[in-house]
Amino acid sequence: MQTEPAALVVLSRVEKRFADTVVLRDISFSVARGKSVCIIGPSGSGKSTLLRCVNALVPASSGSIKIDGIEVNDPALDKIALRRKVGMVFQQYNLFPHRTALQNVMMAPIHVLKQDRHEVEARARRLLAKVGLAEKERAYPGELSGGQQQRVAIARSLAMNPLVMLFDEVTAALDPETKKEVLVTIRELAEDGMTCMIVTHEMGFAREVADHVYFTEKGVIVEHGPPGELLARPREERTRAFLNQVL
Amino acid sequence: MTTLPVLLTPGKAALSRPSGDGWRDLFGGGALGVVLAALGISILAGNAHAAPSLGGSPGVLAILLKWAPLVFQGFLFNLLVSVLSMLAGTGLGLWLGLGRVSQLQVLRRVSGAVIQFFRNAPWLVLLFYCMFLLPFSVSLPFGTVPLPDAAKAVIGLSLPVMANVAEIVRGGVQSIPLEQWESGEALAFSRRQILWMVILPQCLRRMIPPWMNLYAILTMSTTLISVVGIQDSMTLARAALVAEGRTELFIPMYLMLLSWFFLYCYPIARGTAALERGFRVRI
Amino acid sequence: MERIADFFRWLNDAHGVNLSIFYDAFDRSRFLEGLWTTVELSTICTALSLAIGVLGAWLQGARFGLVRQLVQAYIQFFRNTPPLVQLFFFYFAIGNELPHVLDEHGMLVPPISNVGWAILSLSLFAGAFNVEIFRAGIEAVPRAMVEAAESLGYSRLGIYWHVLLPLAFRISLPALNNNLVNLVKTTTLAYAIAVPELLYAAAQIWSEVLNVREMMNVLLVTYVALIAVLVAIMARWERALRIPGYDP
């Protein structure tokens, strides 16, 4: 009998309302351990809000979000326990500009997880080397290019040893030259077995990295499928229209 | 040298500031309310404190009201001094500020030194200086003009105002983009013409909020004249307290005085903030 | 040293320019003590007002509206009323109401001295400005950075202490330094309640020695020089704490 790989992230009928506006409606899907999903769609389709609900930055109005068994949409949620399992990288202003790259990576494990300083430092150095920025450990974010900043941000999230990584349009604010280095880093991460949820506009990247792609518009999942199918032969009219615009 | 900014620029930050809570914010988060409440409480407490020992003597509120007109006259005198100093200081400061941005390096340097000097000196020390060292009368071509204490105080307070106005003028002129100067030059205007017809009219609007702020600070600083022996609301309030000789009057009297200044200066602060917000959005 | 004293004695005898602080040891010591008191006052009030600023800015983000209102009331009260009247209010009005205590001579004295009230009053005055300054600095920190800190597991207090405050401090350093300079100038108000700072010491000297003109000039020059030194130190400090990549 074939056993499905365990679902790490399970969203079930998630809804989010801001006052009278419904931003997310009946969102249900799951992400298996070690898999990567990409979420695409026009701006205002609720993609960023979705990620923030998964991370408990924004409370969902109704529905259930389970990460490795922890129910996120629970008022009594242990946020620290959740944040150990979920890492998130944003579009910009990730890094703390008054600390060096190495200090940025080291800060959270020391302050939040109360781990031993020397262990954390060694791990931080390894992570910076992994994203290719070993020689920049003493640089401040203001001295790094956009792509370098985003890679340090990825290393910083990884320092918490998460099970799931969330990426919110992390290359949207970058120049084309620097985009590539960040995308390569994410791809390597996915190939190493990290479970990823990636909101992106980069279709080529989605095709390479994603195991599954979700197209959302106006807060609803319009269509989903493996990237090869969805991006080449979309079933829905709306998906087609969006892809025509973007590709 | 980064392609991705690491912090918001200050202008952007200001735009994202939420506006005040409407009318509740209008009253300084209830500052006035707190002061008036404190005033009321202290009056009642004073009455309770005094009642057993003094039997049928008038309550605290009655005494306050008895002296209020006199102290208020002193308050008006404070305001008069503030207006006169502001006028004098603004007039002088305008020219000093223009000297600060002049083409002549000597003029720039000298103006800069004068501005720095009068901005660094404490206002009370300048007041003392003028009170003690200015002559009792000035002989002008048409006769001797007596210089009363109040006049010396006005002069003393107008000096730091002058320096601050000069800085405001400098800031205003320097905030006008270079293109304005260049387009003026392209139209064959002289520097002086550009300054007076193009640059200054534009700066004027920008200079008003800090100028109003300076006036509020000046008004509050007029109380310093009581320290150098000139009669104003402070000296009159203290004289009243001495005359009455009742300690339970102290808190209410000072609270009353504080609330008068608050009622005068707080609207100026709100007006300044509103004007500044208006500028940010438009420019 | 003696030669300098001789020179100033000569200056007095020959030209009537009486700079007694240069040749008279007692006057000099009084003057220097006054200067030292001014420096002490300024330092203590700076530290206290900074603490008030940090606390006030934290409370401005409190959940309870009442707390936010109280902080606003505090700020608006101390920013829109004359510091001299505040000082008198604390020293004469409130000071009077406090129960007197016995000092070491067995006399009944107020529990807080005039120096104590001066420190309290000036710190509250400067603190009100600092709260606003920190708030402006905190607002320059982008929302995304706060979210990033949250995603790393920092609590509200943790975000304030490790991210918002250090950044707000660096961003608002020019405004804080400006406030510090004003604080030093405002210490002269303590003269009015007989605190022996520099202005008071100078006044004592000129009322005894009757060299008002000379002492006035010395006083003016001393304050201007003191503040010029302070401004220079602040400028160096600003350069040292600069955030690379941020150029307002």
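**Ground rules.** I am working with a predicted model, where local features need pLDDT of at least 70, side-chain atom pairs count only at pLDDT 80 or more, and totals for chains, interfaces and linings use all residues. Residues are numbered from 1 along each chain as its sequence is written, and chains are lettered from A and ligands numbered from 1 in the order in which they are written.

**Chain C, overall.** I started with the secondary structure and found 11 helices and two strands in chain C. Helices (H or I, at least four residues) and strands (E, at least two) are DSSP runs, numbered from the N terminus. Along the sequence, the pattern of chain C reads α-α-α-α-α-β-β-α-α-α-α-α-α. How spread out is chain C? Its radius of gyration is 23 Å, well over the 18 Å that the globule rule gives for 248 residues, so chain C is more spread out than a compact globule. I noted that this radius is taken over C-alpha atoms, and that the rule is 2.2 Å times the number of residues to the power 0.38. The C-alpha trace of chain C spans about 75 × 50 × 30 Å along its principal axes.

Next I looked up burial: 46% of the 248 residues in chain C are buried. A residue is buried if 20 or more other C-beta atoms lie within 10 Å of its own, exposed if 12 or fewer, and partly exposed in between, with C-beta atoms placed from the backbone.

**A helix pair in chain C.** I then picked helix 3 (residues 25–59) and helix 6 (residues 114–139) of chain C, which pack at an angle of about 45 degrees with their axes 6 Å apart. Axes are lines fitted to C-alpha atoms, for helices over the stretch in contact, and angles run from 0 to 180 degrees between N-to-C directions. Helix 3 and helix 6 of chain C are therefore oblique to each other; angles under 35 degrees count as roughly parallel, over 145 as roughly antiparallel, 65 to 115 as roughly perpendicular and the rest as oblique. The contact of these two helices divides into 17 nonpolar, six polar and one charged residue. Here Ala, Val, Leu, Ile, Met, Phe, Trp, Tyr, Cys and Pro count as nonpolar, Asp, Glu, Lys and Arg as charged, and the others, Gly among them, as polar.

**Where chains meet.** I found 40 residues of chain C in contact with 42 residues of chain B, contact meaning C-beta atoms, placed from the backbone, within 7 Å. On the chain C side, helix 4 (65–79), helix 5 (83–97) and helix 11 (212–240) each supply at least two residues. That side has 28 nonpolar, eight polar and four charged residues.

Chain A also touches chain C, with 23 residues of chain A in contact with 20 of chain C. Helix 2 of chain A gives the most to its side, with four residues.

**Two residues in chain A.** A:Asp68 has a positive phi of about 50 degrees although it is not a glycine. I located A:Asp68 in the loop between strand 4 (62–67) and strand 5 (70–71) of chain A. Is A:Tyr93 buried or exposed? With 24 C-beta neighbours inside 10 Å, A:Tyr93 counts as buried, and A:Tyr93 has a positive phi of about 55 degrees.

Notes:
Contact = placed C-beta atoms within 7 Å.
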